[in-house]
Amino acid sequence: MPIRSRLALGAVITTAALALLTGCAAPAASENQTLTFAIEGANLSAGHMDPHSSQLDVSALVQRNVLDSLVAQDADGTFVPWLATDWEISDDQLEYTFTLRDDVTFHDGTPFNADAVVANFNHITDPATASAQAASMIGYAEDGGSYVGTEAIDEFTVRVTFSRPYAPFLSAVSTALLGFWSPAVLEERADELKTGGPDISVGTGPFILSEYVPDQEIVYTANPDYNWGPANAEHTGASDIDTLTVRILPETSVRTGALTSGEVQVAGNVTPSTVSEIGDGFTVRSVELPGIPYSLYLNETYGVFADERVREAFSIGFDADAAVESIFFGQYPRAWSILGPTTPNSYDASLEGSWPYDPEKAGELLDAAGWTERDSEGYRTKDGERLSVRWIAWTPIPDDRAALADLIQSDLRDIGFEVVREALEPAAYNEQYGPKTFDLTDWGFSGVDADALRSHLHTDGFQNASQVSDPEVDALLESAVATSDPAERTTLYTDVQQWNAEHTAIVPLYVPSLITAYSDSVEGLQFDLYGRPLFYGASVR
């Protein structure tokens with residue numbers, strides 16, 4: 001099952017699994033239901049309102065209210081109809097033919113049909129869109145890839161063709177990243193989708209984006225015509241919530257304070273350290289994220305990390321167990337693999353405990369690599385050069401990750417390894433990230449398919465911060481994406497995880513959970529497989 005609720009948060013945590021299974025028992029209707037959802041929202045206003053081009057989770061989080069998908073992925077990993085009533089996969093797995101609903105309209109009155117699907121997939125694969133993640137998820141790459149194109153067979157039948165089997169496709173078209181904008185917007189205002197707003201962020205979803213004040217709030221109103229929710233939704237018809245306001249509150253304590261004071265009814269991105277501040281009358285939902293855990297990406301083509309012995313020494317030269325346990329209050333498990341345990345058909349549990357903290361061995365590796373001398377500050381040197389790496393970090397940086405970095409730096413300092421950390425605003429970060437003029441960087445990358453590794457470890461991967469280029473890895477990732485056999489995919493992704501454990505391109509640190517807290521006045525709230533709240537079907541007493 002690709003989603004798992006963690007119950008380790010104690011008495012304050014109850015899962016919404018029961019609500020997920022039983023759906024929403026509608027409360028007594030009120031005249032006008034309003035709900036306010038507080039999110040962290042960093043960088044959303046910096047051109048990330050279009051999930052076709054943005055790879056930030058927050059983009060998909062807020063725009064799911066507007067964007068529908070062809071299919072929905074159920075909690076057991078299977079797929080159910082949404083905007084597509086049916087689909088067929090050719091025997092050679094090169095063609096996906098979707099039969100579309102014939103009763104769907106965009107918020108601007110434009111009909112949803114095969115041409116709309118073609119227009120959207122063309123937008124994702126248009127170089128002008130500069131899509132990275134969505135384009136990769138559809139199987140497109142400028143210099144190749146599996147995706148060939150999409151064609152309208154008739155008004156409500158559309159066919160997507162691939163040059164070779166592409167197993168993650170149905171999972172991809174179940175996400176908001178491959179959701180559908182109005183063709184009229186794509187034709188007339190496509191260059192404004194990144195900034196978004198009323199009459200721009202126009203989809204077929206249950207909510208209409210009606211107001212947007214960057215860095216403050218987004219207001220959605222119920223789509224009165226909506227009657228085409230996914231087949232796994234208990235609710236039908238228009239949303240019970242008339243007005244959904246998403247407030248941007250970057251500080252976690254402010255979000256939880258707004259929740260407990262009744263200013264908002266749902267708070268997202270709650271951190272383990274603030275869960276204890278939420279008392280009775282609230283539910284806390286914690287979902288361990290599938291995909292790539294929060295990790296450090298070591299640039300093996302730049303500086304001292306070109307030496308594999310130095311990369312291994314770095315990975316075992318700090319006490320990740322103790323750091324993760326103390327900083328995250330035992331709520332986030334230590335990560336041992338480059339895939340999280342909830343990633344379907346892929347996790348290699350044999351890696352657990354296989355590379356523990358070992359400063360003595362780290363020192364031996366550094367000695368063997370020639371870093372045997374010490375300078376006046378106690379750092380190792382070789383040929384007069386200090387053993388030092390530069391860690392670039394994208395701001396804002398949560399307090400807990402800053403604390404984790406401090407502990408890593410401290411432990412490594414003890415073995416003579418200097419880590420210089422630079423917190424960079426997005427523009428400055430990108431100036432370094434583009435030419436790969438850094439030693440390491442960090443992030444987590446959630447995804448319900450292990451194909452997320454392709455973007456991080458394939459030679460042509462758009463997130464290949466480690467600059468890995470290994471024909472063996474490329475072949476494993478390409479074979480995995482081309483087979484739909486779960487057992488075979490597991491074997492291939494196990495080999496990729498073992499490869500990383502041997503060569504240390506990525507150092508996984510912890511498996512994050514997406515924690516959402518909400519008032520008991522909210523009923524029928526559901527969550528997608530990433531743990532993001534879904535407001536269609538929810539209501540407020």
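Predicted model: local features only at pLDDT ≥ 70, side-chain atom pairs only at ≥ 80, totals over all residues.
Residues are numbered from 1 along each chain as its sequence is written. Local features need pLDDT of at least 70, side-chain atom pairs count only at pLDDT 80 or more, totals for chains, interfaces and linings use all residues, and side-chain values use heavy atoms, with hydrogens and water left out.

I begin with the sheet. Strands here are DSSP runs of E with at least two residues, and helices are runs of H or I with at least four, numbered from the N terminus. Seen in order, β10-β11-β12-β1-β13-β23-β14 form an open sheet of 7 strands with mixed pairing, where two strands pair if DSSP finds at least two bridges between them. Because β10 and β14 (282-288) each have a single partner strand, they stand at the edges, and one side of each lacks a neighbour in the sheet.

E288 has S513 of β23 as its bridge partner.

I turn now to the lining of the second largest pocket. α1 (17-22), α2 (57-63), β2 (71-73), β25 (526-527) and β26 (533-534) each supply at least two of its residues.
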